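Hi,

Here is the structure I promised to pass on. Have a look at it first, and my notes follow below.

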Amino acid sequence: MDLGLFVLILALVAILAGLVGSLTGLGGGVVMVPVLLIFFGVPFPVAVGTGSVTILATSATTGAAYVRDRLTDLRIGMFLEIATVPGALLGAALTVTLTHADLDEALLIALGLVLIAIVPGAIARRGEELPTGVVPDERSRRLGFSGQYHDAALHRDVSYQAADTDGALGVMFGAGIVSGLFGIGAGVFKVLALDRYLRLPMKVATATSNFMIGVTAAAGAGVLLAAGYINPVIAAPVATGTVVGAYIGSRILPGLQNRTVRILFVPVVLALAIEVILRAVGLP
Amino acid sequence: MTGAPPVPRRLSDTAYTRMTLVLRGGLIVALALMLSALGLYLVENPSATSGSTISSNPIQQYLSGPGLVQGLAAGRPEAYLALGVYALIATPLLRVLTGIYYFREDGERTMTAVTTVVLVLLLVGILVLGPLIH
């Protein structure tokens, strides 16, 4: 196929992926990485590298918006990066090493399984919007992991404090590995850590997760770039398209029934995950 | 476990504003570089196909410092594509650096140390681990 046409098609598909990723809350990479593998014949590590670049771009867009609105807890986010960054470095190093060992099929199966594991988290009922009875642990108390934000929906300021930092650090390390291995944001896992372990309000958890995703992706992307697995002729249109799609999604999302949209698109992601696994085991 | 609630601490509004600027500015610079270089690359390579692009990475020779500088000086679109990727990766690093500055300014020694460790891990990973396993 002519390269110009290929780039144009990539950008258009990425807009759609960014839109679906934004509407489902799964993120553009979750849709785009399997699409690159299945429909464009992009090799696994190059698809992962493209996914990392895509996360960097979308995180800078959504992350900046949340920071501007003061919903992001910068202190908690930057503290937890001490776990996601080594995780992402390990994940990306594993991708490079396993690819060199011709174990792409094992990585594809693992990606399919991770995608299937992520979907229920995206459609499940989220945790408490405003957690109550939170008891901060010693580290949280010492570092003053508490804050306040203005909740526009509730028309009031909401105060919060963080609970279990050890549990959150563990989950964040795992989220970093997933991000580095597969080039997806793993936001579902990060929100899980911020919601279930730190027990932050959902709006703060979502904003802080978006803020952290960029630094996690930078760690993985750096390793993949050095290994030659970031091809900007593929990554540039995909990253730009996903950013545009995510922006469109963020504009139309308030007018849609969020849960209905998720239920509508989740089968698409599940189908992609199953197709990735079938390809890995050699079935059409 | 129980006792007095933690004293809320928060970075200044200036820190929030600067981080928003870093993230937005980095993204705009990186995407502008990559898209304009991609346009030039397509013009210079009219016979290129999707197959040849998927099987070979055009920026490979511009990933090293000297290669990148030579490519930029020669006006090679591949070098500018590589520069765009570097700018995108550098954006979160700059954001971490901004955090270190403001934590230090606020006298938060633990958070300054933690964020510095994050920056060191990132730099070691990108500059040492990447080339090492390549």
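To start you off: which residue follows H4(A), and is its phi positive or negative? The residue is Asp102(A), and its phi is positive, near 55°.

Some housekeeping: this is a predicted model, in which local features need pLDDT of at least 70 and side-chain atom pairs count only at pLDDT 80 or more, while totals for chains, interfaces and linings use all residues. Residues are numbered from 1 along each chain as its sequence is written, and chains are lettered from A and ligands numbered from 1 in the order in which they are written.

Chain A overall

Chain A has 11 helices and 2 strands (DSSP runs numbered from the N terminus: H or I of at least four residues for helices, E of at least two for strands). Along the sequence they come in the order α-α-α-α-α-α-β-β-α-α-α-α-α. The radius of gyration of chain A, taken over C-alpha atoms, is 18 Å, close to the 19 Å from the globule rule (2.2 Å times the number of residues to the power 0.38) for 284 residues, so chain A is as compact as a globular protein of that length. Its C-alpha trace spans about 55 × 40 × 30 Å along the principal axes. Of the 284 residues in chain A, 62% are buried (20 or more other C-beta atoms, placed from the backbone, within 10 Å of a residue's own).

Helix H4

H4(A) has 27 residues, and 21 of them are buried. From first C-alpha to last, H4(A) reaches 38 Å, close to the expected 39 Å (1.5 Å times one less than the number of residues). There is a kink of about 40° at Ile82(A), shortly before the proline Pro86(A); the bend is the angle between axes fitted to the seven residues ending there and the seven starting there.

Where the chains meet

The contact takes 60 residues from chain A and 60 residues from chain B (two residues are in contact if their C-beta atoms, placed from the backbone, lie within 7 Å). On the chain A side, H4(A) gives the largest share, 12 residues.

Beyond its neighbours within four places in sequence, Ala193(A) contacts Ala168(A), Val171(A), Met172(A), Ala175(A) and Leu198(A).

Cheers

Terms used
A residue is buried if 20 or more other C-beta atoms lie within 10 Å of its own, exposed if 12 or fewer, and partly exposed in between; C-beta atoms are placed from the backbone.
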